Amino acid sequence: ELFDSVLEMQRTLAHNVNIELDIPAGLNVRGDRQQLKRVFVNMMQNATQAFNKDYNILKITARAKENDALIDIYDNGSGIASDDLANVFVPYFSKKPNGTGLGLAIVKKTIEEHSGTISVDSKLGDWTVFHIKLPIS
């Protein structure tokens, strides 16, 4: 439900993007709906800003594992340099010309406040995937 509302907004803003959602029905996480919505809006905006290909993919998958929801947000955008991966969650670190470097820092703080974790893998010029773990309600 949360992702449906966020994706609806992204579909109107993001052009040339194939958005795929693979989340099982009834998978609910524990947390503040508005704060988590801001997290996922930020994540999807970052993904769409990284696109630079003719065929852009934003894929969100989730699954339950024990007492957690494991959520992956994948894009086939410009990727992140390996030297920058350790800094993506650091406040004021940004490679975007108009970026403040606060978005992913706030995302990480919000995820941690919800007893979760977030990490990132990426290949420069090819793809990025953020891995989020949140407790199931």
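I count a contact where heavy atoms lie within 4.5 Å. With that cut-off, I looked up contacts in the protein chain with a separation of 6 or more, and residues 24 or more positions apart account for 66% of them.

I noted that this is a predicted model, in which local features need pLDDT of at least 70, side-chain atom pairs count only at pLDDT 80 or more, and totals for chains, interfaces and linings use all residues. Residues are numbered from 1 along each chain as its sequence is written, and side-chain values use heavy atoms, without hydrogens and water.

Next, the elements. I took helices (H or I, at least four residues) and strands (E, at least two) as DSSP runs, numbered from the N terminus. I found 3 helices and 5 strands in the protein chain, in the order α-β-α-β-β-α-β-β from the N terminus on. The radius of gyration, taken over C-alpha atoms, is 14 Å, close to the 14 Å from the globule rule (2.2 Å times the number of residues to the power 0.38) for 137 residues, so the chain is as compact as a globular protein of that length.

Then the sheet. I count two strands as paired if DSSP finds at least two bridges between them. The 5 strands form an open sheet in the order S1-S2-S3-S5-S4, with mixed pairing. I see strand S1 (17-22) and strand S4 (117-123) at the edges, each pairing on one side only. S1 pairs with strand S2 (residues 56-65) in the parallel sense over 6 bridges. I also looked up Glu 20, whose bridge partner in S2 is Lys 59.
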